[in-house]
Amino acid sequence: MRGASPPHPPPGGEAAANGFYGAYGGRYVPETLVPALDELEEGWNDIRDDPGFRLELEQLQATYVGRPTPLYRTERLGGDRTIYLKREDLCHTGAHKINNAVGQALVARRLGKKRIVAETGAGQHGVASATVCARFGLECVVYMGSEDMERQKPNVERMHLLGAEVRAVEFGTRTLKEATSEAIRDWITNVETTHYMIGSCVGPHPYPELVRELQSVIGREAREQMLAAESRLPEAVVACVGGGSNAIGLFAGFLEDADVRLVGVEAAGAASLGSGRAGVLHGARSSLLADEDGQIADAHSISAGLDYPGVGPEHAFLRDTGRAEYRAATDEEALGAFHLLAEREGIIPALEPAHALARALDLDAELILVGLSGRGDKDLATVLGR
Amino acid sequence: MKKLSIYLMAGPDTPELAAAAVAGGADLLEIGFPFSDPLADGPVIRLAGERALAQGMRTRACLECLAETRARVEVPLIPMTYASILEAYGYERFQADAQKAGATSLIVADLPIEAAPELRRVQLVAPTTPSERISLAAHRTDGWLYLVSLTGTTGARGEVSEQLAGLVERARGVTDVPLLAGFGISTPDHAAGAAALADGIVVGSRAVEIAHESGPDALQDYVTVLRTALDRVVVSLPG
């Protein structure tokens with residue numbers, strides 16, 4: 001765990017031991033959930049280094065998820081820059097979300113939980129959750145904002161095919177924020193039987209740590225692959241940041257390499273790190289889009305997966321320490337990069353990593369690694385509708 | 001005598017509603033300071049929070065509302081809110097200003113027992129809370145313990161939770177502080193059932209609904225009915 005105690009007094013006390021990254025993280029949840037989080041933390045600590053768990057996870061990654069995913073050197077995209085793509089879009093279900101879902105399914109099984117609740121924005125985590133629930137024989141309920149159900153229809157249909165129940169969230173922003181709140185309320189209500197399969201490195205401790213650990217396979221592989229391909233590390237590693245799980249997974253491989261720049265790219269209308277303030281949302285203290293009274297503000301992005309006013313606490317910490325830098329890309333810039341990758345490389349990216357691509361293309365670096373976190377099939381209606 | 005706590009969302013009508021609730025027999029009042037993402041709340045309180053925010057009930061306005069309510073009633077007034085509000089306003093500053101406005105204590109729905117120990121507040125315990133944690137909560141709590149009578153969010157239910165009896169028993173085993181049961185209590189039968197176990201009850205969603213739909217007179221009638229039900233509960237053992 002990073003950061004033993006928060007520097008600011010407010011969240012202090014023994015909460016300091018509860019997963020703080022500097023001043024961020026912790027547990028801000030109704031009491032009903034605290035014992036469940038303790039149980040999850042204990043279960044996770046028991047199995048994370050268990051060779052049996054590791055072996056099963058690695059086998060699933062190899063035979064089910066499709067790991068290792070390729071590192072692809074782009075041919076025509078970068079101009080003077082050499083841009084490599086870590087191809088998480090080639091994972092089973094089309095995004096990095098499955099890395100986390102498979103791992104959490106193993107954790108849920110260990111905890112004896114037979115019912116899974118999950119939230120989803122773009123639908124990628126919902127599909128990943130529905131997929132592993134089918135694979136492990138678990139009941140699956142996915143909460144999704146009704147606006148997202150509209151713009152990510154193919155993923156809703158996929159979840160249905162996989163046997164999951166998709167519950168529309170019809171209030172508030174009708175996007176990921178409210179879907180997450182409803183998933184947590186469901187968990188509060190059914191906590192004895194249910195595991196909350198959170199989709200990003202957000203939420204109360206131990207989730208940010210758990211999700212980061214399960215996604216860090218991206219960075220581990222990418223680092224090895226870069227060294228094999230170029231005999232050196234990239235100058236910069238670039239990934240999109242909504243909640244931030246693909247970015248934290250990719251960054252994890254390079255955190256100790258002080259010369260490697262880590263660049264997170266947020267949607268301009270959902271820049272929790274770029275224009276946020278410290279606050280509490282969905283169980284953790286982090287950098288949020290909120291007003292001066294602590295009311296959470298609406299995020300706006302063409303990309304459902306980045307349309308979230310919060311971000312994982314470790315990203316807020318990495319921003320404050322200066323280890324990572326965070327930039328923004330507009331809807332238009334992301335769309336431009338989306339088309340460019342399709343036309344120049346024959347790869348249709350999801351709109352989320354298109355944000356990372358957009359910033360990679362004007363970054364002052366020669367050798368760049370970009371996390372291509374998902375494929376773009378789900379976004380065709382959005383893109384073609386413009 | 002069993003205690004009756006009524007929850008009201010902060011708003012322009014709150015002082016008048018508070019006076020009505022006290023006239024009906026409420027012993028204490030919880031005043032909701034709305035938050036945009038209230039994880040512990042079911043639809044009724046969530047919607048009331050949305051309405052309050054739309055009416056401009058931000059922290060300062062809520063504190064003013066508290067002071068105006070204090071001018072109308074003498075019973076303990078307890079703001080109930082979420083950590084994000086305190087983060088933004090400042091924990092100590094909030095405590096000081098709430099006190100100045102007439103608050104008797106504070107409830108923060110998403111601040112676990114361990115967090116911010118210097119912030120004096122009424123602690124919540126739930127059916128999932130192990131006895132050692134109940135003991136810690138009782139040690140730190142401000143006057144009484146809030147028993148979350150069920151695993152779930154706020155809102156009316158058909159029956160009093162079967163989980164309440166076990167929770168009361170475990171709490172009695174580790175503490176002597178008064179126990180008030182809330183969540184899912186809305187009818188006189190619920191009130192009597194829950195109060196037969198605990199030292200009092202908290203009614204939120206139904207009170208908020210009646211206040212919103214029918215105004216202060218209806219609220220007073222409703223609280224009177226709850227009060228009557230509570231007063232019929234035979235106190236079997238001294239607390």
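Trainee: Where in chain A is P68(A) found?
Mentor: Good place to start, and do keep in mind that this is a predicted model. The peptide bond from R67(A) to P68(A) is cis, with omega near -5°. As for its place, P68(A) sits in the loop between α2 (51–65) and β3 (71–73).

Trainee: Which residue does a cis peptide bond join to P206(A)?
Mentor: Look in the loop between β8 (194–196) and α8 (207–230) of chain A, where P206(A) lies. Omega is about 15° for this cis bond, and the partner of P206(A) is H205(A).

Trainee: Is H282(A) buried or exposed?
Mentor: Find H282(A) in the loop between β11 (277–281) and β12 (284–288) of chain A. Its phi is near 50°, a positive value in a residue other than glycine. Buried means under 20% relative accessible area. H282(A) has 4% relative accessibility, so it counts as buried.

Trainee: What is the relative accessible area of R174(A)?
Mentor: R174(A) is in the loop between β7 (165–169) and α7 (176–189) of chain A. Phi of R174(A) is near 55°, a positive value in a residue other than glycine. The residue is partly exposed, and its relative accessible area is 34%.

Note on methods: Residues are numbered from 1 along each chain as its sequence is written. Chains are lettered from A and ligands numbered from 1 in the order in which they are written. This is a predicted model: local features need pLDDT of at least 70, side-chain atom pairs count only at pLDDT 80 or more; totals for chains, interfaces and linings use all residues. Side-chain values use heavy atoms; hydrogens and water are left out. Helices (H or I, at least four residues) and strands (E, at least two) are DSSP runs, numbered from the N terminus. Buried means under 20% relative accessible area, exposed over 50%, partly exposed in between (1.4 Å probe, protein chains only).
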